[in-house]
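Here's a friendly walk through one protein model, meant for someone meeting it for the first time. Have a look at the picture, then read on.

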Amino acid sequence: MSVPVCFHRPQLEDAENIMELLKRSRIRCCDHNFAALYGWQDTFDTEIAVTEGCLAASFSNKPWGRRYLFPLGEENAAISVIDRLIRENDAVVRPLTFVCVTEEQKILLKTHFPGQFSFEEERSC
């Protein structure tokens with residue numbers, strides 16, 4: 001039985017740890033930024049978790065419901081975190097959804113979770 005991913009609201013005390021994880025990542029995206037995660041938490045019900053050396057973040061905005069940023073960390077750890085999120089997610093209510101997925105992350109999902117994810121571009125501009 002896998003241990004649940006324990007999300008919590010971002011706190012200022014999380015900043016140093018989160019920024020170190022982000023610095024090690026090759027991802028440069030406005031959503032993968034401590035200031036954004038912290039600053040928008042009331043608007044988007046943002047939650048974060050640091051588990052297995054990965055940063056996982058989720059947020060909710062209507063009408064899409066809870067969505068996740070791809071876990072940032074070592075590849076094997078990210079795969080493990082994704083597996084845990086799949087097990088925790090109630091796919092009957094809403095499929096597990098990642099946003100801001102890079103081509104490299106898309107390949108990883110297709111390779112390690114074949115047939116479990118579909119991909120579509122979502123642009124609001």
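Let's settle a word before anything else: a residue is buried if its relative accessible area is under 20%, exposed if over 50%, and partly exposed in between (1.4 Å probe, protein chains only). Helices (H or I, at least four residues) and strands (E, at least two) are DSSP runs, numbered from the N terminus.

A quick note on what you're looking at: this is a predicted model, where local features need pLDDT of at least 70, side-chain atom pairs count only at pLDDT 80 or more, and totals for chains, interfaces and linings use all residues. Residues are numbered from 1 along each chain as its sequence is written, and side-chain values use heavy atoms, with hydrogens and water left out.

Which residues of helix 1 are buried? In this helix, residues 15-24, they are Ala15, Ile18, Leu21 and Leu22. Look down the helix axis and these buried residues fall within an arc of 135° (taken from the directions from the axis to the C-beta atoms), so they line one face of helix 1. Turned away from that buried side is a face with the exposed residues Glu16, Lys23 and Arg24.

What do the buried residues of helix 1 pack against? Their partners are helix 2 (34-39), strand 1 (47-51), strand 2 (54-61) and strand 3 (65-72). Contact here means heavy atoms within 4.5 Å.

Over in helix 2 you'll find Ala36. Ala36 is partly exposed, at a relative accessible area of 21%. Between the C-alpha atoms of Ala36 and Leu21 there are 15 Å, with the two residues 15 apart along the chain.

**Rings that pair up**

Now for the aromatics. Rings of Phe, Tyr and Trp (its six-membered ring) pair if their centres lie within 6.5 Å; planes under 30 degrees apart count as stacked, over 60 as edge-to-face and the rest as tilted. How many aromatic pairs does that rule give? The count is eight. Take Phe98 and Phe117: this pair is tilted, with 5.8 Å centre to centre and 45° between the planes. It ties together distant parts of the chain, since Phe98 sits in strand 4 (residues 98-99) and Phe117 in the segment after helix 5 (103-112), 19 residues apart. Both Phe98 and Phe117 are buried. Ring pairs also join Phe7, Tyr68, Phe70, Phe98, Phe113 and Phe117 into a cluster.

**Where helix 4 meets helix 5**

The axes of helix 4 (residues 75-88) and helix 5 come within 11 Å and cross at roughly 65°. Those axes are lines fitted to C-alpha atoms over the stretch in contact, and angles run from 0 to 180 degrees between N-to-C directions. The crossing is right-handed, meaning that the near helix is turned clockwise from the far one by less than a right angle. From helix 4, Glu75, Ile79 and Ile82 meet Leu108, Leu109 and His112 of helix 5. The residues of this contact split into four nonpolar, one polar and one charged. For that sorting, Ala, Val, Leu, Ile, Met, Phe, Trp, Tyr, Cys and Pro are nonpolar, Asp, Glu, Lys and Arg are charged, and the others, Gly among them, are polar.

**A few loop residues, and a serine**

Asp45 is partly exposed, with a relative accessible area of 32%. Cys100 is partly exposed as well, at 35% relative accessibility. Leaving aside neighbours within four places in sequence, Cys100 is in contact with Cys29, Asp31, Leu69 and Gln105. Its C-alpha atom is 7.5 Å from that of Phe70, though Cys100 and Phe70 are 30 residues apart along the chain.

Cys29 belongs to the loop between helix 1 and helix 2, and Cys29 is partly exposed at 24%.

Apart from neighbours within four places in sequence, Ser60 touches Thr43, Phe44, Asp45, Gly65 and Arg66.
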